[in-house]
Amino acid sequence: PLPDGRTAITIGDVAGKGMPAALLMARLYSSTRLQLLTSTTPAQAISRLNAEIASSGLGHRFITFLCMVLDPRTHELRVVNAGHLPPILRSKDGVISSFGKELASLPLGIVPDLEYQEMSVQLVAGDTVVAFTDGATEAMNADLNQYPPMAGWPALREAVAAKIETLHGRRYDAGSEITITAGATQAILTAILATVHAGDEV
């Protein structure tokens, strides 16, 4: 909580492991609050934080970092993204989208004098915001296999469905019949998962 009633939510991921990474995360924890308390905007706070981390003397390390400041009186969420995975917004009517990617910049600790930008998101009652690290996107099941990828950005699937209908007169359901893949390997996996079922001989 901040003194003026706003709430700051931050999430970060330090590159590397061991004592140096732990020390850097400990420093990040205390410095983030100080910069938020002494800066006029979240963007200014993260810009100052970046300059401090870049001069930390803990080696060539960087931190992906996401800072969100929520004003509970106005429901405004101000977001600064320093190379982190973009947060996801699930609106009260069930629409899911990511936000903040267009203004995302480099992780902390790379360019000392970098000026970060922020964006504003207006929330309404019933909206849900999810922030996460790659521990979620790279999670594995009990057999040590990564979970299959998501079907792709909903807006892109809708655009593909509309294009197919325009060109070929066929309407496909964007939610259940169209999958966007990041490359050939993922496409092969998607095809296998769509056609091979439990008990099939492969």
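What you have here is a predicted model, in which local features need pLDDT of at least 70 and side-chain atom pairs count only at pLDDT 80 or more, while totals for chains, interfaces and linings use all residues. Residues are numbered from 1 along each chain as its sequence is written, and side-chain values use heavy atoms, with hydrogens and water left out. The protein chain has 5 helices and 7 strands; helices (H or I, at least four residues) and strands (E, at least two) are DSSP runs, numbered from the N terminus.

**Overall picture**
- Going along the sequence, the pattern reads β-α-α-β-β-β-β-β-β-α-α-α.
- The C-alpha trace spans about 60 × 40 × 30 Å along its principal axes.
- Of the 202 residues in the chain, 27% are buried; buried means under 20% relative accessible area, exposed means over 50%, and partly exposed is in between (1.4 Å probe, protein chains only).
- The accessible surface is about 12500 Å², and 59% of that belongs to carbon and sulfur atoms; areas come from the Shrake-Rupley method with a 1.4 Å probe, and for residues only the protein chains shown count as cover.
- Among contacts with a separation of 6 or more, 60% join residues 24 or more positions apart, where contact means heavy atoms within 4.5 Å.

- The buried residues of H1 are Ala21, Leu24, Leu28, Ser31, Thr32, Gln35 and Leu36, and their cover includes strand S1 (7–14), H2 and S2.
- H2 (residues 42–54) has 13 residues and reaches 18 Å from its first C-alpha to its last, close to the expected 18 Å.
- Buried residues in H2 include Pro42, Ala43, Ile46, Leu49 and Ile53, and the buried residues of this helix pack against helix H1 (18–38), strand S2 (63–71) and strand S3 (76–82).

**Nonpolar cores**
- A nonpolar core is a set of buried Ala, Val, Leu, Ile, Met, Phe, Trp, Tyr and Cys residues joined through side-chain atoms within 4.5 Å.
- The largest core has 19 residues, and Leu28, Ile46, Leu49, Ile63, Phe65 and Leu108 touch the most other members.
- H1, H2, S2 and S3 each supply at least two residues of this core, with the largest share, 5 residues, coming from H2.
- A second, separate core of 9 residues includes Met68, Leu77, Val79 and Met119.

**Loops and surface**
- His75 sits in the loop between S2 and S3, has a positive phi of about 65° although it is not a glycine, and counts as partly exposed at 36% relative accessibility.
- Gly169 is in the loop between helix H4 (154–168) and H5, and it is exposed at 60% relative accessibility.
- Ile192 belongs to helix H5 (residues 184–195) and is partly exposed, at 44% relative accessible area.

Notes. The expected span of a helix is 1.5 Å times one less than its number of residues.
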